[in-house]
Amino acid sequence: MKRTKIVDAVKGGELIGQDVCVKGWVRTRRGNKHVQFVALNDGSTIKNLQIVFDLNRFSEEELKAITTGSSLCVYGKMVESMGRGQVCEVQADKFEIYGIADPAEYPLQKKGHTLEFLREIAHLRPRTNTFGAILRVRSVLAYAIHKFFNEKGFFYLNTPLITASDCEGAGAMFQVTTLPLENLPCTEEGKVDYSKDFFGKTTALTVSGQLEGELGATALGAIYTFGPTFRAENSNTPRHLAEFWMIEPEMAFYDITDNMDLAEEFIKYCISFALENARDDIEFLQEMYDKELISRLEFVIHNDFVRLPYTEGVKILMESGHKFEFPVYWGCDLSSEHERFLVEEHFKRPVILTDYPKEIKAFYMKQNEDGKTVRAMDVLFPKIGEIIGGSEREADYNKLLTRIEELGIPMKDMWWYLDTRKFGTVPHSGFGLGFERLVLFVTGMANIRDVIPFPRFPGNCEF
Ligand code: ATP
Ligand code: MN
């Protein structure tokens with residue numbers, strides 16, 4: 001008999017009165033001398049399917065091994081449920097235990113573990129209701145992202161994970177080498193001889209696919225990347241990971257306003273899609289962790305984001321009278337306390353901050369006529385701070401070259417990038433969305449380490 005997934009089984013419907021086969025892991029077993037109830041979950045939904053074992057049919061001895069965490073295959077009849085909390089249940093005729101889970105050893109035997117404890121058993125935490133819900137929301141969001149860009153005619157471009165340019169400038173990099181670290185080959189001047197390394201030069205894991213994304217955009221018109229990025233920054237914050245996923249659309253013929261419009265539409269689309277397609281999971285997370293979750297998500301979908309120049313934002317912060325941990329002044333790099341003040345206290349809605357001082361932004365951003373600011377745009381969100389960073393790109397060859405020289409970026413790294421401005425340059429724009437920050441926002445979780453299946457952060461790289 002074909003197996004029915006629990007996501008379909010719990011609906012009952014046409015299955016009522018039919019024989020079914022279901023498989024999954026036991027969440028709980030309870031009952032009395034006459035009947036035992038097993039809550040079975042197969043990961044396809046937050047909901048459990050109730051299996052009823054009649055003790056006229058099965059002995060207590062037979063059922064003993066059905067403990068929390070054990071895995072089962074059950075054959076039985078789907079019937080309407082008399083009990084509260086479920087539409088239907090399966091009256092077991094026959095079952096097989098695939099694998100036991102010794103209650104004395106199984107770490108998830110009891111409910112109600114803290115998120116901190118679960119982080120220590122990251123290999124098993126996907127089996128909890130919380131992480132099941134988070135991982136399903138994450139998967140639904142990933143699908144929404146591909147769907148959004150496909151519907152808009154963007155092409156999915158895969159940019160390299162191993163890069164030879166160390167000037168992406170977005171963060172500290174992890175070096176990639178096959179040189180023997182205990183016995184490094186040296187040049188005559190006593191430096192490491194990287195010509196002997198795997199690629200014949202120094203290489204590292206990418207911190208962003210943007211520069212290569214621009215090569216795609218100036219050929220295909222509009223592309224997006226969606227892949228892993230790596231930053232060796234030693235920031236132990238609830239918003240940073242050493243390995244995270246980033247979505248980077250890059251569009252020819254878009255100015256900064258087109259870019260902001262796209263970013264706002266994109267993020268609203270993803271949130272709506274998750275609310276429609278992962279409703280049960282989001283409701284569960286709301287119930288457990290964040291009572292305002294759904295109203296916050298709906299608020300973001302239904303309200304325009306504020307658009308404001310950095311200079312105005314800094315003025316608001318300076319005049320607020322609020323005491324910040326880090327001082328605010330024109331030219332400062334805003335930290336998340338500043339960003340969140342603007343969003344949560346002042347405007348009470350998402351804010352897109354534009355036209356940042358050029359000193360605190362990357363070399364490739366389009367320079368404004370004032371000579372001081374660049375056409376950057378950061379999207380700031382409640383509870384998160386920066387969720388998107390982007391800009392219109394400098395399309396003028398000479399201006400870009402001058403900036404590269406001012407910053408002392410080696411030309412050996414940049415010639416290929418400059419070629420986009422040398423041959424058929426066009427106005428263009430793009431941005432980067434940190435996938436885990438989006439998942440954080442949509443799940444209402446507080447720590448980014450809880451929204452990626454296998455988190456990597458300083459001092460932690462399990463399996
Ligand atoms: P922040 O100031 O928050 O450290 P950033 O300005 O360094 O971020 P960008 O280089 O603009 O980040 O990267 C684009 C997006 O990638 C950010 O808006 C954010 O959503 C995400 N991001 C950046 N660094 C990390 C990280 N270490 N872990 C998870 N997401 C990140
Ligand atoms: Mn940024």
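Predicted model: local features only at pLDDT ≥ 70, side-chain atom pairs only at ≥ 80, totals over all residues.
Trainee: Let's start with the ligand. Which residues are the closest to ligand 1?

Mentor: Glu233, His240, Glu386, Ile387 and Arg437 are the closest, and 16 residues surround ligand 1 in total.

Trainee: What makes the pair between glutamate 233 and ligand 1 a polar contact?

Mentor: Set the distance against the cut-off. A polar side-chain atom of glutamate 233 lies 2.9 Å from a nitrogen atom of the ligand, and a polar contact is a pair of N or O atoms within 3.5 Å, so this pair counts.

Trainee: And how do you know that histidine 240 makes one?

Mentor: By the same test: an N or O atom in the side chain of histidine 240 is 2.6 Å from an oxygen atom of ligand 1.

Trainee: How much of the accessible area of ligand 1 does the protein cover?

Mentor: On its own, ligand 1 has 580 Å² of accessible area, and the protein covers 80% of that. Strand 11 (243-252), strand 15 (385-392) and strand 16 (428-434) are the elements that each give two or more residues to the shell. Strand 15 gives the most, with 4 residues.

Trainee: What is the make-up of that shell by class?

Mentor: The shell has 7 nonpolar, 4 polar and 5 charged residues.

Trainee: Now to the helices. Which residues of helix 9 are buried?

Mentor: In helix 9 (residues 310-319), the buried ones are Tyr310, Gly313, Val314, Ile316 and Leu317. Buried means under 20% relative accessible area, so each of them falls below that cut-off.

Trainee: Why do we say that the buried residues line one face of helix 9?

Mentor: Look down the axis of helix 9: its buried residues fall within an arc of 160 degrees, so they line one face. On the other side, Met318 and Glu319 are exposed.

Trainee: What does the buried side of helix 9 pack against?

Mentor: Its buried residues pack against strand 12 (306-309), helix 10 (336-347) and strand 13 (351-357). Just after helix 9, glycine 321 takes a positive phi of about 75 degrees.

Trainee: What about helix 8: which residues are buried there?

Mentor: Leu293, Ile294, Arg296, Leu297, Val300 and Ile301 are buried in helix 8 (residues 293-302). Seen down the axis of helix 8, they fall within an arc of 160 degrees, so they too line one face. They pack against helix 6 (256-277), helix 7 (279-289), strand 14 (373-381) and helix 13 (435-443).

Key
Residues numbered from 1 in each chain as written. Chains lettered and ligands numbered in written order. Heavy atoms only, no water. Buried < 20%, exposed > 50% of the residue type's maximum accessible area, 1.4 Å probe, protein only. Arc of directions from axis to C-beta. Contact = heavy atoms within 4.5 Å. Near = heavy atom within 4 Å. Polar contact = N/O pair within 3.5 Å; in protein donor to acceptor, adjacent residues only side chain to side chain. Areas by Shrake-Rupley, 256 points an atom, 1.4 Å probe, with all protein chains shown as cover. Nonpolar A, V, L, I, M, F, W, Y, C, P; charged D, E, K, R; others polar.
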